[in-house]
Amino acid sequence: MNIFESFRIALQNLSANKLRSGLTMLGVIIGVGAVIALVSIGRGAQEAITSQIQSVGTNLLYVRPGSSNEGGVRGQEGSAGTLTLEDAQALDQVPGIVGVAPEIDSFAQMVAGGNNTNARLVGTTPAFQTVRDFAPAAGEFINDSNVSARSTVACLGSSVAAQLFPDSDPLGQSIRINNVPFRVQCVMESKGGTGFLSQDTQVIVPLTTAQTRLANAGRFRGSSNINVINLKIADLSQSDAITQQVGEILRERHRVVEDDFTVQSQEDVLSAATAVTDTLTLFLGGVAAISLIVGGIGIMNIMLVSVTERTREIGIRKAVGAKRRDILLQFLTEATVLSVLGGIIGILLGWGISALMGSFRFGNTAVTPVVDLTAVLLAVIFSVAVGLFFGIYPAARASALRPIEALRYE
Amino acid sequence: MAVIDIENIQKIYQMGETQVAALRGVSLQIEKGEMVAIMGPSGSGKSTLMNIIGCLDQPTAGIYRLDGVDVHKLDDDQLAEIRNKKIGFVFQSFNLLPRTAALAQVELPMVYAGAPDRRKRALEALTQVGLGERVHHRPNELSGGQQQRVAIARALVNNPAIILADEPTGNLDSVAGEEIMNIFKRLNREQGMTVILVTHDPDVAANAQRIIHVKDGQVASSK
C-alpha cells in the first residue's frame with residue numbers, strides 16, 4: 001500500500017466522523033493560530049519601536065553626564081552636571097563628527113490663549129536640526145543670532161502646535177512657557193511615534209534662553225549644565241574610535257581619571273530595545289506553543305480512542321492481508337492529516353487575527369502586526385511534528401494488534 | 001498435490017501456570033478442488049485448527065504446508081502476505097468494514113496486494129456472487145445474505161488457494177443460508193475452488209464432499 005492509498009483512506013475515515021475530527025483539529029487550529037498571531041504582534045511592536053528610534057537618526061552618539069557623588073552617596077545617572085557648552089564646542093573639533101547639538105531638557109507648562117499643555121522643553125542650538133535630522137514644516141528653525149541674543153522664540157512640535165492652536169496658524173503668535181512669553185518661530189515636521197519616544201510633543205527654544213530666562217524651570221535652575229550632547233558622526237563604523245576620542249577629550253577637560261560621563265550610540269539604544277521586544281516575542285510564542293502541545297495531546301487522545309473503537313476494522317484489514325507497516329501508515333497518516341489540516345486553518349486564523357489587531361488602535365499606539373514567514377513555517381513544521389509524534393504511539397498500538405484477537409473484539 | 005498438508009500439529013496455550021493443549025497432534029490433507037467441512041463441538045479445538053489453517057495463528061509444534069509453502073516460522077508480515085494471496089476468509093459475522101461501499105470492500109485485499117485493475121476485478125467478483133447491481137451500497141444498506149455475499153466476493157477476488165468459511169450461515173435465516181451454500185458449491189464445482197467450511201451445523205456440513213470431525217484436539221474421523 002502506498003502513501004497515496006493511505007492518504008485516501010485517512011480522508012475517508014476522518015470525513016466519516018466530521019464532528020470529532022473537527023474538534024480534534026480545533027486544538028491544533030488554536031495552537032497554530034495563537035503562535036502566529038502572537039508572534040506577529042510581537043514583531044509588529046518591535047518594528048514600531050525600531051522605526052521610532054530610527055526616526056531620530058541613526059548615526060548618533062549621546063554624551064550624558066555621569067552620576068553625582070556627594071559624600072559617597074551616588075546619585076542617578078546624568079545627575080552629575082559635569083557637561084558644559086564648552087565641552088560641546090570642544091567636541092566639534094573631533095574629525096568624523098559632523099554635528100554637535102548640546103541639549104538641556106525639562107517639562108514645562110505651555111499656555112496659548114485658552115489652551116494649555118504640558119510638554120517637553122528642549123533648549124538647544126541650530127545644529128540640532130541637522131544632527132537629529134529634524135526640519136521645520138513651516139517657519140524658520142532657531143538660528144545662531146537667536147542663541148547669542150537669548151531670544152524668546154520657540155519651535156513647536158506638531159502635536160503641541162495642534163493642541164495650543166487648534167484653529168489658527170501658530171506662526172508668529174505668542175505662547176507663555178512658565179509665564180515667560182515666547183514668539184512661535186516655527187512648527188516642526190511630524191515624525192510620528194508615541195509616548196516618551198515622540199518628537200512631536202516637544203517645544204524647542206535656544207539653549208541660552210533656556211539656561212537664563214527659564215532658569216527657574218525644574219532642572220535648569222542656576223546652572224549652565226548640559227543634559228546631553230547629541231553627536232552626529234559621518235560614518236557609523238567609526239563610532240567606537242570616535243567614542244574613545246570623545247572620552248579622551250572630556251577626561252582631559254574635566255581633569256578626571258574615571259569617566260564622569262557616558263557615551264551611548266543610537267545602535268546601543270536600538271539593540272537594547274530590540275532585546276526587550278525579542279524577549280517579549282519569544283515569551284508570547286512560547287505561551288502559544290504550549291497550547292499547540294495541548295492540541296497534540298488532544299490528537300493522541302482521539303487516535304487512541306479511535307484505535308480501540310476500530311479494533312475490529314484493524315482485525316479485518318489484517319485478515320485480508322494488511323501488514324504492520326500498512327496499519328501503522330494508515331493511523332499515522334490520519335494523525336498527520338488532522339494536524340496539517342489544523343495547521344493550515346490555524347495559519348489562516350492567525351493571519352486573520354493579526355490583520356484584525358492591525359486595524360485596532362490601543363490608546364494612541366498603532367502596532368501593525370507583521371506576519372513572520374519564519375513563524376508560519378515553524379508553525380507548519382511544528383504541527384506536522386505534533387501529528388507524527390502524538391500519532392506514533394496510537395499507530396504502533398494499532399499495528400501491533402493480533403488479528404485473531406482483533407477480529408473477536410466486540 | 002495437497003493444497004493443505006498438516007502433519008502432527010500441536011497447539012498449547014499457556015494459561016498462567018497451567019498449559020492447555022488445544023490441538024494434540026492433528027494430521028490431515030486437503031486436496032486441491034475439494035470441498036471439506038470441519039466439524040466438532042465447542043472446545044474441540046476446531047477454532048484453533050481453523051486459525052492455524054487460516055494463518056492467523058502459528059502451531060506450537062508440527063508442520064503445515066499451504067499450497068507448497070511451509071508456513072512454519074513465518075513472521076507476522078509474511079503471514080499477512082500469505083493470508084492476502086492464498087486465503088479468502090468468510091466469517092460468521094461477515095466482518096465488513098463499516099461505512100464502506102461494497103466495491104471498496106472487495107477492492108481491499110487488492111489494495112494490500114498492490115494489484116492492478118482493482119475496480120474491474122472487484123466488479124467481476126461482485127457480479128459472480130449476484131451483487132452486480134448493489135456495488136455502491138454500504139453494509140447497513142444490505143441484508144445479511146447480501147453482506148455475506150460481499151464477504152465472499154472479497155474472499156475470492158485475489159484468486160486464493162483456499163476459501164476458509166467459519167460458520168458462514170450462522171447469522172443467516174435458512175433461505176439466505178441456502179443461497180450462500182449454493183454460491184460455495186458453484187465456486188467449487190465451476191471454478192475448482194478449494195472450500196473449507198468450519199461448522200457445527202450438520203446441514204451445512206452435508207454440502208461438503210468430505211467431513212472431518214475434530215474431538216478433544218484430535219481428528220476423530222475423516223470421510
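Predicted model: local features only at pLDDT ≥ 70, side-chain atom pairs only at ≥ 80, totals over all residues.
Modeller: Residues are numbered from 1 along each chain as its sequence is written, with chains lettered from A and ligands numbered from 1 in the order written.

Biologist: What makes a space a pocket, and what a cavity?

Modeller: On a 1 Å grid over the protein atoms alone, a cavity is a set of points where a 1.4 Å probe fits but cannot get out, while a pocket is an open set with protein on both sides within 12 Å along at least five of seven lines; lining residues have an atom within 4 Å of a point. The second largest pocket has 29 lining residues, and A:Arg408, B:Ser47, B:Met50, B:Asn51 and B:Asp166 lie nearest its centre.

Biologist: Which elements give two or more residues to that lining?

Modeller: They are helix H13 (403-408) of chain A together with S2 and H1 of chain B, where helices (H or I, at least four residues) and strands (E, at least two) are DSSP runs numbered from the N terminus. H1(B) provides the largest share, five residues.

Biologist: How does the lining of the second largest pocket divide by class?

Modeller: It divides into 10 nonpolar, 11 polar and eight charged residues, with Ala, Val, Leu, Ile, Met, Phe, Trp, Tyr, Cys and Pro counted as nonpolar, Asp, Glu, Lys and Arg as charged, and the others, Gly among them, as polar.

Biologist: How many cavities of 30 Å³ or more are found in the whole structure?

Modeller: The search finds two. The largest cavity holds about 150 Å³ of space and is lined by 15 residues, of which A:Asn13, A:Asn17, A:Arg20, A:Ser306 and A:Arg310 lie nearest its centre. H9(A) gives the most to this lining, with four residues, and the classes are four nonpolar, five polar and six charged.

Biologist: What lines the second largest cavity?

Modeller: This space of about 80 Å³ is lined by residues of both chains, including A:Ala319, A:Val320, B:Arg83, B:Phe89 and B:Pro160. S6(B) gives the most, three residues, and the lining has seven nonpolar, three polar and two charged residues.

Biologist: Why is A:Ser239 called buried?

Modeller: A:Ser239, found in helix H8 (residues 239-254) of chain A, has a relative accessible area of 12%; buried means under 20%, exposed over 50% and partly exposed in between (1.4 Å probe, protein chains only), and A:Ser239 is therefore buried. Leaving aside neighbours within four places in sequence, A:Ser239 is in contact (heavy atoms within 4.5 Å) with A:Leu61 and A:Ile233.

Biologist: How do you know that strand S4 (residues 61-66) of chain B and S5(B) pair?

Modeller: Two strands pair if DSSP finds at least two bridges between them, and S4(B) and S5(B) have two bridges, in the antiparallel sense, so they are paired. B:Leu66 stands opposite B:Val69 in S5(B).

Biologist: What makes S2 and S5 of chain B edge strands?

Modeller: The open sheet of four strands in chain B has the order S2-S1-S4-S5, with antiparallel pairing. Strand S2 (18-31) and strand S5 (69-70) of chain B each pair on one side only, and are thus the edge strands.

Definitions and conventions: Heavy atoms only, no water. Points joined across faces, edges and corners; volume = space filled by probe spheres on them.
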